[in-house]
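Hi everyone, thanks for coming. Let's have a look at the structure on the screen.

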Amino acid sequence: MEKDKRLEATARLLEVMNTLRRECPWDREQTFDSLRSNTIEETYELADAITDHNMAGIKEELGDLLLHVVFYSKLGEEEGAFDFGDVANDLCDKLIYRHPHVYGDIHANTPAEVIENWEALKLRKKKRKSGTLGGVPRSLPAMVKAYRIGEKAAGAGFDWEKKEDVWDKVREELGEVEAEMKSGDKTDLEGEFGDLLFALVNACRLYGVDPESALERTNKKFMQRFNYMEEQAAAKGHTLHEMSLDAMEELWQNAKHNE
């Protein structure tokens, strides 16, 4: 039987990692702690490629992230804690355990039912003292963390009965922001803005929108339009600082029209 090229590639990667760890001065010096920041950076680079729907970029960034998985596994092997095989096998065991609707006799006909079962199984397996929300990483960016908190709370049954009901909460929080703006207390105002953002993140979740991707899409759109404004102003010998708001608005509308 012809060998699976994926298995051959994995074996080659592990051997390359062994060689680098043994022979490269930089690789020899790395630790779990020294790699941590690079791992986070690589994850964001993968996220950028996904946002751009750049398949070549996604492939490259997946490779970079896979390197970190293999590197950490090598470090674990050197400490006698675990190796790459342990990582892969533990993952397989976890996936089988969390998919009883595939490997067992539990029924789940919708993605929502799968997620609800998943969260219940995770909580039962790990018996976290911190409860349902204990699995949300502390270092996640605030918006991603808010989304995951909402997901986990919903998995425990704490959610709006109808997704449309979330807008009552959004309007309530918006009213509290407006009220706090009149009081002039900046600390309380920050808290109310946080409550409003949290409600909007939950609205995104309920309507199947990734808030991080949505905001990044808007960021890119704004940057493209703003860059167009600066280029058009420069072509006429001006900077934006020298232009009136009406003139800038005209350039902004032109940028939108040319998209």
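By salt bridge I mean a side-chain nitrogen of Lys or Arg within 4 Å of a carboxyl oxygen of Asp or Glu.

Before going on, some housekeeping. This is a predicted model, where local features need pLDDT of at least 70 and side-chain atom pairs count only at pLDDT 80 or more, while totals for chains, interfaces and linings use all residues. Residues are numbered from 1 along each chain as its sequence is written, and side-chain values use heavy atoms, with hydrogens and water left out.

So how confident is the predictor? pLDDT is its confidence in each residue, from 0 to 100, and the protein averages 90, with 95% of the residues scoring at least 70. Helix α4 (residues 55-78) has the highest confidence, at 97, and helix α7 (residues 111-126) the lowest, at a mean of 70. Helices here are DSSP runs of H or I, at least four residues, numbered from the N terminus.

In one of them, Asp168 pairs with Arg171, with the closest N and O atoms 2.9 Å apart. Both sit in helix α9 (residues 166-183), three residues apart, about one turn of the helix. Asp168 is partly exposed at 48% relative accessibility, whereas Arg171, at 53%, counts as exposed. The cut-offs are under 20% relative accessible area for buried, over 50% for exposed, and partly exposed in between, using a 1.4 Å probe and protein chains only.

Now helix α3, where we find Glu42. Glu42 is buried yet has no salt bridge, and the nearest side chain of opposite charge, Arg36, is 15 Å away. For charge, Lys and Arg count as positive and Asp and Glu as negative; His and the chain ends are not counted. Leaving out residues up to four places away in sequence, Glu42 touches Glu61, Asp64, Leu65 and His68, where contact means heavy atoms within 4.5 Å.

Finally, the largest nonpolar core has seven residues: Met229, Ala233, Leu240, Met243, Met248, Leu251 and Trp252. Such a core is a set of buried Ala, Val, Leu, Ile, Met, Phe, Trp, Tyr and Cys residues joined through side-chain atoms within 4.5 Å. Its largest share, three residues, comes from α12.

Technical notes:
Helix = DSSP H or I, 4+ residues; strand = E, 2+ residues; numbered from the N terminus. pLDDT = per-residue confidence, 0-100.
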